[in-house]
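Here's a quick briefing to read alongside the picture. Keep the 3D view open and find each piece as you go.

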Amino acid sequence: MNIKDLQRVLQENIREYGMFIALFVIWTAFAILTDGIFISSRNISNLLNQSGYIAVLGIGMTLIIVIRHIDLSVGFLAGFMGALAAIAMASWEWPVFVVIPVILLLGALLGLIPGFLVAQMRIPAFVATLAGFLIYRGAILVVTQRTGTIIIANDAFNAIGNGYIPDLPVSFLPETHKLTLIVGILAIIFYIFNEIKGRRTKQAYNFEVLSNEIFALKLIFVSLIMGGMTWVLSGYNGMSWTVVIMLLVVGIYHFITNRTVLGRHIYAVGGNPEAAELSGINVKKITYIVFAQMGMLAALSGILFASRLQSATTTAGTLFELDAIAAAFVGGVSAAGGVGKVTGALIGALVMASLTSGMNLMSIDISYQYIVRGIILAAAVIFDVATRNS
Amino acid sequence: MNNTPILEMKNITKEFPGVKALDNVSFAVKRGEIHCLVGENGAGKSTLMKILSGVYPHGQYDGDIIFNGETQQFRNIRDSENVGISIIYQELALIPDMSVYENIFLGHEISNGPLINWNETIKQSTAMLKKVNLDVNPAVQVKTLGVGKQQLVEIAKALSKDVQLLILDEPTSALNEDDVDNLLDLLRALRQQGVTCIMITHKLKEVMSVADTVTVIRDGQTICTIDAHTEELSEQIIIKNMVGRAIDNIYPKRDHQRSTEVVLEVDNWTVFDRTRGRNILKNVSFNLKKGEIIGFAGLMGSGRTELALSIFGNPENYTLVDGQIRLNGEPKKFNHPHDAIRAGIAYVSEDRKKNGLILTQDVRQNISLANLNELAHQTVIDENQEVNVANKYKDSLNIKTPNIDQTVGHLSGGNQQKVSLAKWLFVKPDILILDEPTRGIDVGAKFEIYTIMNQLVEQGLSIIMISSELPEVLGMSDRIYIVSAGEITGELPIEEATQERIMHLATRN
């Protein structure tokens, strides 16, 4: 095999692989520092469940930043949506399968408000959403005024943040979660099948493709990572519903941003709004859509968080927006607009959650934890800027 | 005149990863002369000037810079300014919201300790403005001035730093004829006062008018230096040296169309500009026939771009007061560029970086942007088909790029313009509006664009070309409309059009 080719492929794609490498380094470091506790099935499973509500916010925030805006209101919007969901179930006794879609829809509708202020009134997003930040914070306090923390007694709802997908009722392989294994294996097969199919189509068009060896190496490498994650998760309770939701969201968003006309239009608006407008793209419409999806994901984040705590608290959502922004930037989004991937935001959220989890295991004081996370955020953005210019 | 050169650059070599931008270039400028530096885009002119002004510091290039008899090793722009070298870039570097006097002394404020002496600043600014013959109140905001006046403010700023060598990078590319004349007069006046000047330009007419010496650079090498006072100099000679071949006529021949089929008719088009608070277009009427190129000539700011944008349905800042568009005889109204594109109209912007291209995206994504729906099945883009489309245009328009995955921000001006053109050809328009189609691109690329235009009209497209370069208007159009201060002041068939007649009509209002 030609090592030079491999080097070239890695160099050309350093920005894409950089975050995965960073995550790998962080996990390895914590694995060593905690004598392997960090990569135990239980810890990894917890870590994924903890990052869920920030990851979905980070994915939405990535698109907001891609179109050169910001949304500071999403943290308390998430908290407010979680509180409304709790009230709908506890006081109004709505069934859970009604509550969830209604809350998601309401989130999207509320997202249209900053969309309107930014697109139509031309108010800077920072100010418009700072107003939302204050309003939703007040709104949480208003709706929880009489009761304080609202306990959620609905098992189906609470399973979203705490439950795991059911296992197959067979006695084979007693210590592992069989359905998780099967899902993982199917995912790997699907991935390999898809890659080969894509490569065949490209060859049919006579396009340049990776050489056989490097292509095989890539397949093996990615399959190993997927397999490894599956194995680790199946060693504890299996795949949680949070992970399922997170993967679904990132999968759908990845598809929309990379393959659809809407996705291309979002990135064009971010790269150059004037040129996009003159190319027949309705920039206002795109702005509305991006803020609405952010509102919807904020609602989802609120549901995940409330479900995880099995209650809606008066402080839910505090600092979520800043964690989401950090996840997006660690994930490689550019503040100049037009550049940034939703998969990056997922990795970014995992990086930040891993730091918290690892340092907690090492019993590092919270004060130093903040400092370390700040340094990592700065380092990630420095890396990003440095590799972009070269 | 002192005969020792004020500046000598010896054996300058500068390499970028993979490219040798300058290869052993030597260049000398005599004291008190106007020295024009010409060459195609990408020839290395700007790189050479960036080395001279310290943008690329000593150590990043090979060779010597000798200024006023001393070898210089500039670490940054400030070093070069300290010895009296000032560079004015194509894109003006003024702060639009600051006043004229704040801008003139920005970076070298007149101060007593940490406090700025505003009275002295204003007094000296007034003196500087007088030197450049600019009669404005130094307290007005720069953004209220036209481009021509802003350029003069830039020069005043350079003069305030006791400049000995003034470098102007394409100073006239955004100016109208009057402002160009003003600027050239000013350069002559500065020459009288002993300021040496290097001017980079694409406009050979200006070279012929002011240059004492001309140096031609091609492919990173000095081709020749011609003394205008002792040697023979003509536009033909310069062009021949620039492109390495003689171009007899840079406007390729085409039979002028005499179709009678009118594809576009605009009547009484009157448009109100909300930002300026007045009508910028008044009762504009014109028509376009099938397979025809009509030229819109006029001064900068006469309203030609606004005419194109308001027809194209760009709602930003404009309100249509009156008027009608008929497309193939049918009345139409476009509320958004989207509608105009669907109706078969394409608009290639004059400012490809600001309004034309998504610089962060690659060639492929830029070409497909305005017509993604054609490549999509149920809104999912067929990327393989997209690659084919992009490659097709890359080949047919001869876009010079390693591959279609190249970010367009990294391409040269001429190739960016071709990408912009490719994007609009892919929407398969019937009517193509080209706004300054060859601004800031070199002679070779211009010729290619003109050739493409001719091919397009032969295929039955109709083209509206807005251009401030009269030779281009005369060389390419079948018919010419002249716009002056928002009104059409004349229509000339190509046979009756001359530069003098056009200028006469363009300055009527």
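This is a predicted model: local features need pLDDT of at least 70, side-chain atom pairs count only at pLDDT 80 or more; totals for chains, interfaces and linings use all residues.

**Two helices in chain A**
- Let's begin with helix H3 (residues 41-66) and helix H10 (residues 241-259) of chain A, whose axes come within 9 Å and cross at roughly 25 degrees.
- Angles under 35 degrees count as roughly parallel, so H3(A) is roughly parallel to H10(A).
- If you're curious about the handedness, the crossing of H3(A) and H10(A) is left-handed.
- On the H3(A) side, the residues that meet H10(A) include Leu48(A), Gly52(A) and Ile59(A), while Val243(A), Met246(A) and Tyr253(A) are among their partners in H10(A).
- Sort the residues of this contact by type and you get 10 nonpolar, 3 polar and no charged.

**Where chain B touches chain A**
- Chain B puts 27 residues into the contact, and chain A puts in 22 residues.
- Several elements of chain B each supply at least two residues to its side, including helix H11 (352-356), strand S20 (380-381) and helix H14 (383-396).
- That side of chain B divides into 13 nonpolar, 13 polar and 1 charged.

**A helix with a buried side in chain B**
- Now look at helix H8 (residues 235-243) of chain B, where Ile238(B), Asn241(B) and Met242(B) are buried.
- These three cover an arc of only 100 degrees around the axis, so they sit on the same side of H8(B).
- What do the buried residues of H8(B) pack against? Their neighbours in chain B include strand S3 (34-38), helix H7 (204-210) and helix H16 (443-458).
- Just after H8(B) comes Gly244(B), with a positive phi of about 80 degrees.

Definitions and conventions:
Residues are numbered from 1 along each chain as its sequence is written. Chains are lettered from A and ligands numbered from 1 in the order in which they are written. Axes are lines fitted to C-alpha atoms, for helices over the stretch in contact, and angles run from 0 to 180 degrees between N-to-C directions. Helices (H or I, at least four residues) and strands (E, at least two) are DSSP runs, numbered from the N terminus. Angles under 35 degrees count as roughly parallel, over 145 as roughly antiparallel, 65 to 115 as roughly perpendicular and the rest as oblique. A crossing is left-handed if the near helix is turned anticlockwise from the far one by less than a right angle, and right-handed if clockwise. Two residues are in contact if their C-beta atoms, placed from the backbone, lie within 7 Å. Ala, Val, Leu, Ile, Met, Phe, Trp, Tyr, Cys and Pro count as nonpolar, Asp, Glu, Lys and Arg as charged, and the others, Gly among them, as polar. A residue is buried if 20 or more other C-beta atoms lie within 10 Å of its own, exposed if 12 or fewer, and partly exposed in between; C-beta atoms are placed from the backbone. The arc is that of the directions from the helix axis to the C-beta atoms.
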